[in-house]
Amino acid sequence: NLDVWYERVSVRAIGELIETRLAEAGELEAVRQLDPDGDWAGALSHARVPFVSYSYEWTFSMLQDAARLQLRLTAAALDEGLTLKDASPYNVQWQGARPVFIDVGSFERARPGEPWVAYRQFCMLYLYPLLLEAYRGVAFQPWLRGSPGGITPEQFRALFTRRDALRPGMLKHVFLLAALERRNPGSGADVRDELTAAGFDTRLAKANVVSLAKLVDRLSSASSRGSWEDCRSACTYDDDDAAQKAEFVERVVARTKRRLVWDLGCNDGRYAEIASENADLTLAVDSDPGVVDVLYRKLRAGGSQAILPLVVDLLNPSPALGWRNVERGTLVERGRPQLVLCLALVHHLSITGNVPLREVVVWLRSLDSEVVVEFPHRDDPMVQRLLAAKGAGAHPDYERDRFERVLGDALDVTDSCELPSGARTLYLARPR
């Protein structure tokens, strides 16, 4: 009956479930070759995810929207006598700025007399990270990256005082759950029994989901407030420089359509938007969660499916994690780009991050992609500001002629453009 209940739920969640169908005969044979001894009843085929991302690369609003999706689907499933046995953000991916649920296998029949079995997981991986940022102003990304299983109730409870129990959602979803686990350490069955006795049984599962949805909707983060204005005010371009830079990028982008483009250090997303005009998907990557969150909400409002914004610190990028370091891959392992925009970034990597210019170029070459790279000269106002913080004589290797030499050693430079101010130069380079 897989196709029957999937159709009943998916009709209520159009566009929120990954496009899925029962595998055809030829596809079934491929599954049998992969798992000849497997005890499976059928196989599903679903649409390809454009680029896999993880919750520790999302912004507050992205995790919040993914939580809303999880709760909407759970409510729809409960209305059909089903439930979702998992509540992990790893089951949500993105089509641009639109979240989509990919783990159809998480649906199962609801068991009478039991609470929502994924409730604790939802709290650990969705609710607590959101509350951490909303109530404590602490970014959740490092915690989820360091603990892919999420924040346990007892860990989260230890971050708050008794007075915090008065905050919305804290008493029921944090203090009570932590107390239950303290009384029943390591015993999931006993905790479920106590949750049932406390009113978290199947009869009230829908009410609990609705309550969680209202709580999630009320949360907000201060991380993006002023971020857009901050990045605008920090911009050292005049109008002529900005226009020339955009024209250079437009010319490169127009030459051929790419499957995947990376805009590294995307800032407000202006150049990602240019790249997206001739690409299947553009990753807009920046290390500032607030800036990326503003960009995400802008893309969401416009219904964009061409740009995926992600929070990634290139000085400490997402590593390979999980079982045998293959469950969650690096950015390159998840999708190698055909074009990389590296604009207003080299000076931050080299001066702020203390990465030698040659190492920056070696890294760009390792992407095996066309690259548009911008080099701010030593007399650029932003470079001067960064160098001033380091003291006299810092970074003697940071010179335009040296950068051009190491870039030319590693890649074929086919085009360049010095901006009208004379303080920055753009280069188009290709791997040999």
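Predicted model: local features only at pLDDT ≥ 70, side-chain atom pairs only at ≥ 80, totals over all residues.
**Stop 1**

Now show the strands themselves: S4 covers residues 92–95 and S5 covers residues 98–101. They pair in the antiparallel sense, over 4 bridges.

**Stop 2: an open sheet**

Strands of a sheet pair through backbone hydrogen bonds, either parallel or antiparallel. Next, colour the strands S9-S8-S7-S10-S11-S13-S12, in that order. These 7 strands form an open sheet with mixed pairing. Which strands stand at the edges? Select 307–311 for S9 and 412–418 for S12. Each has a single partner strand, so one side of each is left without a neighbour in the sheet. Turn the view to follow the twist, which averages 15° from one strand to the next.

Pick Asp286 here: Val311 in S9 stands opposite.

**Stop 3: two crossing helices**

Two packed helices are described by the angle between their axes and the distance between the axes. Select residues 60–79 for H3 and residues 289–301 for H13. Their axes come within 8 Å and cross at roughly 50°. That angle makes H3 oblique to H13.

Show side chains where the helices meet. On the H3 side, display Phe60, Ser61, Met62, Asp65 and Arg68. On the H13 side, display Asp293, Tyr296, Arg297 and Arg300. What classes of residue make up this contact? There are 3 nonpolar, 1 polar and 5 charged residues.

**Stop 4: the largest cavity**

Rolling a probe the size of a water molecule over the atoms shows where empty space is left. Here the count comes to 2 cavities of 30 Å³ or more. Go to the largest cavity, with a volume of about 80 Å³. Select Thr83, Ala110, Arg111, Glu114 and Pro115, which lie nearest its centre. They are among the 11 residues that line this cavity. By class, the lining divides into 6 nonpolar, 2 polar and 3 charged residues.

How values were computed: Residues numbered from 1 in each chain as written. Heavy atoms only, no water. 1 Å grid on protein atoms, 1.4 Å probe; cavity = no way out; pocket = protein on both sides within 12 Å on 5 of 7 lines; lining within 4 Å. Points joined across faces, edges and corners; volume = space filled by probe spheres on them. Nonpolar A, V, L, I, M, F, W, Y, C, P; charged D, E, K, R; others polar. Axes fitted to C-alpha atoms, helices over the stretch in contact; angles between N-to-C directions. Helix = DSSP H or I, 4+ residues; strand = E, 2+ residues; numbered from the N terminus. Parallel < 35°, antiparallel > 145°, perpendicular 65-115°, else oblique. Contact = heavy atoms within 4.5 Å. Pairing = 2+ DSSP bridges.
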